[in-house]
Amino acid sequence: MNPNKKMDIRVGLPRRLLSIAYDGLLMFALLIVANALLIPFLHGKSITPGNHLYQLYLLYVIYLFFAWFWIHGGQTLGMKAWGIHLVSDDGKPIGWWRATVRFFSAIISWALLGGGFLWSLVDREKRSLHDILSHTRLIRVAATSSKPSQREQADEKEKA
């Protein structure tokens, strides 16, 4: 990567999807732990299908994962791996309210069959629907290693 070349700090769809895939693996493991925490309270019984309280519990666990990471450092582990940082439109860290709006509007983005994410392909600032609704944006952060990383190789492919 040429150090004199200005870095485009907008985050494109491929990088978003790679970050989502990484966080999805982490979420899978977290949900296994969240389910294991319920075992002592079930007294050998199974959770009935369609149990809304159980579904809300899992949604709350997922919400806490994303919101906590977004508020404390602006990055989930997947975002960190792919050099993505979340900030408000004015470039400042976000709080609980903005994280909540972003989380639930991201659910809308998924409910639109991914259309909320596809919006980043036509938005000149590469914002998705939930970025726009929550007044947040994803920016790229520079790699700290001197070796070309998988992230930098993805940068070059994204530019092409």
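Gln75 lies in the loop between helix H2 and helix H3 (77-81), where helices (H or I, at least four residues) and strands (E, at least two) are DSSP runs numbered from the N terminus. This is a predicted model, in which local features need pLDDT of at least 70 and side-chain atom pairs count only at pLDDT 80 or more, while totals for chains, interfaces and linings use all residues. Residues are numbered from 1 along each chain as its sequence is written, and side-chain values use heavy atoms, with hydrogens and water left out.

- The side chain of Gln75 reaches the backbone oxygen of Ile84 at 2.9 Å.
- Apart from neighbours within four places in sequence, the residues in contact with Gln75 (heavy atoms within 4.5 Å) are Phe69, Trp70, Lys80, Ile84, His85 and Val141.

**Helix H2 and its ends**

- H2 has 20 residues and spans 28 Å from its first C-alpha to its last, close to the 28 Å expected at 1.5 Å a residue, where the expected span is 1.5 Å times one less than the number of residues.
- At the N-terminal end, H2 is capped by Asn51, which has a side-chain oxygen 3.0 Å from the backbone nitrogen of Leu53.
- After H2 comes Gly73, whose phi is positive, near 115°.

- Tyr60, Leu64, Trp68 and Trp96 form a nonpolar patch on the surface, with about 430 Å² of accessible area together.
- Such a patch is made of residues with over 30% relative accessible area and no salt bridge, with nonpolar side chains (Val, Leu, Ile, Met, Phe, Trp, Tyr) joined within 5 Å and like charges within 9 Å; a salt bridge is a side-chain nitrogen of Lys or Arg within 4 Å of a carboxyl oxygen of Asp or Glu.
- Accessible areas come from the Shrake-Rupley method with a 1.4 Å probe, and for residues only the protein chains shown count as cover.
- H2 (residues 52-71) gives the most to the nonpolar patch, with three residues.

**The whole chain**

- The chain has seven helices and two strands, which follow the pattern α-α-α-β-α-α-α-β-α along the sequence.
- Of the 160 residues in the chain, 35% are buried.

Key
A polar contact is a pair of N or O atoms within 3.5 Å; within protein, one must be able to donate a hydrogen and the other to accept it, and residues adjacent in sequence count only if both atoms are side-chain atoms. Buried means under 20% relative accessible area, exposed over 50%, partly exposed in between (1.4 Å probe, protein chains only).
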